[in-house]
Amino acid sequence: MRLLKGQRAAVNLLVWNVALAVLISPVLCDDDDDDDDSEDIMTVCQEEDKDLRVTCPLRAKPNYHTEYEFSMSKGSKEIIINTNVSGTMPEPKFRHNTRVEQLEPYGFRLTMMRFTLTENTTFMCKVTKAEMRLFVELDSVQACSAISLFLQSYPWLLTLLLPFGIIQLMEAL
Ligand SMILES: *[C@@H]1O[C@H](CO)[C@@H](O)[C@H](O)[C@H]1NC(C)=O
Ligand SMILES: *[C@@H]1O[C@H](CO)[C@@H](O)[C@H](O)[C@H]1NC(C)=O
């Protein structure tokens, strides 16, 4: 079926609007929920040098000692990877090859040097009284570069797509 020019423009406009809405909404949501850490996601990714990086976007609670604990569970066994909770020790094999950094404005990042998963694993992190967990399927660990590239792409995608959306709009009118 042949569409008239006006109809074609209207369809194009609809497609662009949907595309723009999909692209813009996560960005807008991020801004809206700045004060609400429940919207932040925990991520696990592999660096090019094979370090495994676990980010824990939990805010430290005021009026508490800030303490963190990263652990993982394989089946029913829970293994502490790195912690500064007093009186708690990490698994000996992780004592010298992991480190934790504090992120700005909040959150913690665990780096496990040259570590690759050998089975499905659930990663957990605790900060003060809050806890997050993420199930990571073996063979589905993302590359860290892919994650940051994706996030960096948003402004570019928007500046690329916005003019097209406006052109379509002008054609439709
Ligand atoms: C644990 O680390 C946090 C953040 O670096 C720090 O503020 C806190 O004092 C540390 N806690 C202990 C018990 O060392
Ligand atoms: C890992 O988890 C996936 C999804 O739950 C499951 O399909 C798969 O069989 C699991 N693999 C192993 C080795 O347990």
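Predicted model: local features only at pLDDT ≥ 70, side-chain atom pairs only at ≥ 80, totals over all residues.
**Exercise 1. Sketch the fold: how many helices and strands does the protein chain have, and in what order do they run?**

Start with the count: two helices and nine strands. Next, walk from the N terminus, and you get α-β-β-β-β-β-β-β-β-β-α. Now look at the contacts with a separation of 6 or more: 55% of them join residues 24 or more positions apart. Finally, burial: 32% of the chain's 173 residues are buried.

**Exercise 2. Find which residues touch the most other members of the largest nonpolar core, and which elements give two or more residues to this core.**

The core has 24 residues, and Phe 70, Ile 81, Met 112 and Phe 123 are the ones that touch the most other members. Then go through the elements: strands E2 (52-56), E3 (68-74), E4 (77-83), E6 (108-112), E7 (121-127) and E8 (130-136) each give two or more residues. To zoom in, take Phe 70 and skip its neighbours within four places in sequence; its contacts include Val 54, Ile 81, Val 100, Leu 110 and Met 124.

**Exercise 3. Work out what surrounds ligand 1, and which polar atoms lie close by in distance terms.**

List the shell first: Thr 66, Tyr 68, Asn 84, Gln 102 and Phe 108. Sorting these gives two nonpolar, three polar and no charged residues. Now pair up the atoms:

- Thr 66 has a backbone N or O atom 3.3 Å from a ligand nitrogen.
- Asn 84 puts a polar side-chain atom 2.3 Å from a ligand oxygen.
- Gln 102 has a side-chain N or O atom 3.3 Å from an oxygen of the ligand.

Key. Residues numbered from 1 in each chain as written. Chains lettered and ligands numbered in written order. Heavy atoms only, no water. Core = buried A, V, L, I, M, F, W, Y, C linked by side-chain atoms within 4.5 Å. Buried < 20%, exposed > 50% of the residue type's maximum accessible area, 1.4 Å probe, protein only. Helix = DSSP H or I, 4+ residues; strand = E, 2+ residues; numbered from the N terminus. Contact = heavy atoms within 4.5 Å. Near = heavy atom within 4 Å. Polar contact = N/O pair within 3.5 Å; in protein donor to acceptor, adjacent residues only side chain to side chain. Nonpolar A, V, L, I, M, F, W, Y, C, P; charged D, E, K, R; others polar.
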